[in-house]
Amino acid sequence: MKLTVIGCSGSYNGPDAAASCYLVEAQLDDGTGSRPWRLLVDMGSGALGELHRHIDPLSIDAVLISHLHADHCLDLCGYYVMRKYHPTGSQPRLPVWGPSTTADRMARAYDLEIDPGMHEEFEFLTWDAEVHIGPFVVEPVPVDHPVEAYGMRISADGTTIGYSGDTGPCEGLDAIAKDVDLFLAEASFRSCDTNPPALHLTGTECGEVATRMGARRLVVTHIPPWFTSDVALEEARDSFAGPVELARPGAVYDLS
């Protein structure tokens, strides 16, 4: 399994990175030969343009949306246009897993009527249980954020990625991080500040969760452009003894 960082800026796309978007790939032989299966985890502002640098966006097998804030879902609007009006013709409906109101939220975002909205381009499916997509098993886990929000455990090839989504410290976050090979955790806040509860994590909290739950590797992401990323990285390193890195656009993590 391979993880590529497409966008990692927090709250909005920054000068050096698109907002949250991660490409997860794994091989599977479907009877006609082996091919890469591709999941796109979140699709925040600016992500679709950056995705073109890495793969043909039409080769995605499913989109997984953690929650419906713009920095995690808004570029689904551009992807709708691409799939509807591509010069090779309208593309097959693509599965989009997300919170219960995803279809209506995206229709409003593009100023479409709710019916049909984007239903002709996407098959909207609601997180309610473990999902099997090609070689992947995806477990959605509710987390603590002001809107309906999920983190995810994504497994394939005997390895597991834990993705925090956006969340404050909570039991769900611990479940996401438990024994994962790579913990992709947001660190929007600094420990030196007075931060609102039930919203985001600090780098220190990312490291503490990774340590407590036995994560083998920590990648810190979702740093807002108004902060320097060094603070989150230093905090995470001070609270987690294992490998710690800062997510950067184009970074590739091969977990095989």
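I began with a reminder to myself: partly exposed means a relative accessible area between the buried range, under 20%, and the exposed range, over 50%. I also noted that this is a predicted model.

**Entry: a pair of neighbours**
With that cut-off in hand I looked up Asp179, which at 40% relative accessibility is partly exposed. Lys178 is partly exposed too, at 43%. Their side chains form a salt bridge, with 3.8 Å from N to O.

**Entry: other salt bridges**
How many salt bridges does a search of the whole structure find? I got 12.

I then turned to Arg216 and Asp181, whose side chains meet at 3.2 Å, N to O. Arg216 has a relative accessible area of 44%, and Asp181 has 21%.

Next I checked Lys2 and Glu25, a salt bridge of 3.7 Å, N to O. Lys2 is in strand β1 and Glu25 in strand β3 (residues 21-29), 23 residues apart. Is Glu25 buried or exposed? Glu25 counts as buried, at 9%, while Lys2 is partly exposed at 33%. I was pleased to find Arg38 joined with Lys2 and Glu25 in a network of salt bridges.

**Entry: the largest pocket**
I found a volume of about 300 Å³ for the largest pocket. Its lining has 18 residues, and Cys8, Asp16, Ala17, Ile223 and Ser229 are the closest to the centre. β1 (2-9) and β13 (218-221) each give two or more residues to this lining. By type, I noted 11 nonpolar, 5 polar and 2 charged residues there.

Conventions: Residues are numbered from 1 along each chain as its sequence is written. This is a predicted model: local features need pLDDT of at least 70, side-chain atom pairs count only at pLDDT 80 or more; totals for chains, interfaces and linings use all residues. Side-chain values use heavy atoms; hydrogens and water are left out. On a 1 Å grid over the protein atoms alone, a cavity is a set of points where a 1.4 Å probe fits but cannot get out, and a pocket is an open set with protein on both sides within 12 Å along at least five of seven lines; lining residues have an atom within 4 Å of a point. Grid points are joined across faces, edges and corners, and a volume is the space filled by probe spheres set on the points. Helices (H or I, at least four residues) and strands (E, at least two) are DSSP runs, numbered from the N terminus. Ala, Val, Leu, Ile, Met, Phe, Trp, Tyr, Cys and Pro count as nonpolar, Asp, Glu, Lys and Arg as charged, and the others, Gly among them, as polar. A salt bridge is a side-chain nitrogen of Lys or Arg within 4 Å of a carboxyl oxygen of Asp or Glu. Buried means under 20% relative accessible area, exposed over 50%, partly exposed in between (1.4 Å probe, protein chains only).
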